[in-house]
Amino acid sequence: MFAKEFVDGVGYKYKKVKSVSCDRRFEVWGVRSGSEGHGEEPYEFKQVVSFNNEQGYIECSCMKFIEVGILCSHCLQVLHACCVDKVLHQYVLKWWCKEIKEGEFNVIEKYVKSL
Ligand SMILES: [Zn+2]
């Protein structure tokens, strides 16, 4: 599930819309394929991701992390764009990334290399 989020995020476009010291805001947009097994048409989306590198804070307007506990592809794209190669610890929940060994948080780096 996490891998899908990351792979989806690779094709997204983004631009920085605000940058005040470590407080940054990005617009992320692109075309997302329909849900698996539902035969839905691809749809366009646009989300706003707020990211504060110093405070280790990231939030997306899609609210996926808050609702289902998975860091969404929009956030991953922004983290990748900002060269943050370690997913912030509080966003790594063991139940959704079993393949990660305890204490190993270089998730994005790992997936970039596997692409
Ligand atoms: Zn999102």
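Four strands, in the order S1-S2-S3-S4, form an open sheet with antiparallel pairing. Its edge strands are S1 and S4, each of which pairs on one side only. From one strand to the next, the twist averages 20°. The model is predicted. In general, the strands of a sheet pair through backbone hydrogen bonds, in either a parallel or an antiparallel sense.

The protein chain holds 4 helices as well as 4 strands. Along the sequence, the elements follow the pattern α-β-β-β-β-α-α-α. The chain has 115 residues, of which 19% count as buried. Contacts between residues at least 6 apart in sequence were also examined: 44% of these join residues at least 24 apart.

Strand S1 spans residues 13-20. The strand is hardly covered, and the count of buried residues among its 8 residues is 0. S1 is joined to strand S2, residues 23-32, by 7 bridges, and the two run antiparallel. The hairpin of S1 and S2 has 2 residues between the strands. Ser21 is found in this loop. Its phi is positive, near 45°, in a residue other than glycine. Ser21 counts as exposed because 8 C-beta neighbours lie inside 10 Å, and the cut-off for exposed is 12 or fewer.

Phe51 has Ile58 in S4 as its bridge partner. Tyr57 is partly exposed because 14 other C-beta atoms lie within 10 Å, a count between the limits of 12 for exposed and 20 for buried. Tyr57 and Asp23 are 34 residues apart along the chain, and their C-alpha atoms are separated by 9.2 Å.

The loop between S4 and helix H2 (64-68) contains Met63. Phi of Met63 is positive, near 60°, again in a residue other than glycine. With 11 other C-beta atoms within 10 Å, Met63 is exposed.

Helix H3 comprises residues 73-81. H3 lies across S1, S2, S3 and S4 and runs at about 55° to S3. The helix is mostly covered, with 7 of its 9 residues buried. These buried residues are Ser73, His74, Cys75, Leu76, Gln77, Val78 and Leu79. Just after H3, Cys83 takes a positive phi of about 60°.

Taken together, the sheet is open and antiparallel, and H3 lies across its four strands. H3 is mostly covered, whereas strand S1 is hardly covered.

Notes. Residues are numbered from 1 along each chain as its sequence is written. This is a predicted model: local features need pLDDT of at least 70, side-chain atom pairs count only at pLDDT 80 or more; totals for chains, interfaces and linings use all residues. Two residues are in contact if their C-beta atoms, placed from the backbone, lie within 7 Å. Two strands pair if DSSP finds at least two bridges between them. Axes are lines fitted to C-alpha atoms, for helices over the stretch in contact, and angles run from 0 to 180 degrees between N-to-C directions.
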